[in-house]
Amino acid sequence: WPLSGISITRVAMEMLSKLSLQGGDSCTFFMLDAAFVRTFPGKSLPFFQEIRDDYTTDEPLVEVALDYADVVKGTHIETTLAVSHRWMQPDDPDPDGEQLKALKGFLNSPAGKKIERVWIDSACMPQDQPKGSRSAEDAAAFKRMLKEVNRLYLGTTVLILLDMSYVSRFWTQFESWLSMQYATPSGLKSAVGTENERHHIVCIQNAAAQAESFAKLLVDQWANKTPDEAHSFLSKPDVTVTNQGDKDLQLPKIMELDATVQGAFGDISRSLEDELAASEAAASRAEAELAAWETENDAKAGEKNRLKVAARQAASAVAAARLAKEEHARAISSSVVPAMMKRAEAALALAEDSLSMSDVPELVLQLSGGGDKQTEQAAAALAKLSLNADNQVAIAR
């Protein structure tokens, strides 16, 4: 019989909880539809179980599988937001609604307009509130997701809700550090001040009175720390955590992250090579079958001939596979997350028809620090602007 939304979600939870906690390259997370968050009428977001069980008409929970290939390619950066925040009370992360207010403000701002999904722990992982109420299936799913939560803060846009006590906690500082890094073939590097920057800081509560100072302090603290330095800092006893087991679980992973992302880059490169080789082999077979048909029939196949169509589609697949491999290599050589490079190129191409002198500083940055294609596009845009003699002096300066 047909399953209701709540039944489907529960079945999914049971299936996920049965997955090996050790095996598999992909981890599936529950996330909130951003439209649900943007328009949520309550003071604060409910816990996961309440959303799953009571909001069956809206069905705001979506499942997203995230592997390290997605992380290094930046697949989810433009559309997915992970929230880094402190629980204000042990049983309530947002008792006065200030966190939800800040989150909705970001989602409705220009910086958040493209976000389609939101991950925040209290609403996206099964909580044990009240204590002892979480089912065995929910507990297993929570444990599985918690183990891999670093993928979220490395592979999405991150909103940091910074309050006065944020910098004393293990989880929040760990999340901040991850949000300020990006993956390269040689390991993690600082994303701050580069095209790969993807964190946003909103100061709340008492920190809002000195927002600029607190935000700068956090960035200065974490932007340039290596994994070794982050591990050393976070392992200190004055970095507090509610559950010491969480700290014990995550600290070793910090030391493994460089090797993990290096392995992911290697996997992607091999996958792109394999895809290109397979598409070339398929194209060769299609061409051979077409040639055999033309020889047998002593005629050239028409454009609508099924073998002609198949050969054309196979050639297109080869071109697409070759382009994917080239774009990946170009992103690496330009030190840009692949998805971020594509977004910058698309934005630059879109803007070419509506260029103004206010675009010059950004174009100059692209000219000096972008990849080959971005540099070429920026040069073309500047040349277009300089056709106006009045602009030439300002552009030169």
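The following is a conversation about how some features of this predicted model got their labels.

Colleague: What are the ground rules?
Modeller: In this predicted model, residues are numbered from 1 along each chain as its sequence is written, and side-chain values use heavy atoms, without hydrogens and water. Local features need pLDDT of at least 70 and side-chain atom pairs pLDDT 80 or more, while totals for chains, interfaces and linings use all residues.

Colleague: How many aromatic pairs are there, and what makes two rings a pair?
Modeller: The search of the whole structure finds ten. Rings of Phe, Tyr and Trp (its six-membered ring) pair if their centres lie within 6.5 Å; planes under 30 degrees apart are stacked, over 60 edge-to-face, and the rest tilted.

Colleague: Why is the pair of Trp171 and Phe174 called tilted?
Modeller: The ring centres of Trp171 and Phe174 are 6.2 Å apart and the planes stand at 45 degrees, so the pair is tilted. Both residues belong to helix α9 (residues 170–179), three residues apart, about one turn of the helix. Helices (H or I, at least four residues) and strands (E, at least two) are DSSP runs, numbered from the N terminus.

Colleague: Why is the pair of Trp222 and Phe233 called edge-to-face?
Modeller: The planes of Trp222 and Phe233 are at 75 degrees and the centres 5.0 Å apart, so this pair is edge-to-face. Trp222 is in helix α10 (residues 211–222) and Phe233 in helix α11 (residues 227–234), eleven residues apart.

Colleague: What sits over the ring of Trp222?
Modeller: The charged end of Lys225, 5.4 Å from the ring centre. A charge sits over a ring if NZ of Lys or CZ of Arg is within 6 Å of the centre and within 35 degrees of the ring normal. The charged end of Arg134 likewise sits over the ring of Phe142, at 4.4 Å from its centre.

Colleague: Why are α12 and α13 called roughly antiparallel?
Modeller: Helix α12 (residues 244–297) and helix α13 (residues 306–333) pack at about 160 degrees, with axes 8 Å apart. Axes are lines fitted to C-alpha atoms, for helices over the stretch in contact, and angles run from 0 to 180 degrees between N-to-C directions. Angles under 35 degrees count as roughly parallel, over 145 as roughly antiparallel, 65 to 115 as roughly perpendicular and the rest as oblique. That makes α12 roughly antiparallel to α13.

Colleague: Where is Glu59?
Modeller: Glu59 is in the loop between α3 (48–54) and β2 (61–66). Its phi is also positive, near 45 degrees, and at 48% relative accessible area Glu59 is partly exposed.

Colleague: How do you know that the peptide bond from Gln129 to Pro130 is cis?
Modeller: Omega of that bond is near 0 degrees. Most peptide bonds are trans. Pro130 is in the loop between α6 (121–124) and α7 (136–147).

Technical notes:
Buried means under 20% relative accessible area, exposed over 50%, partly exposed in between (1.4 Å probe, protein chains only).
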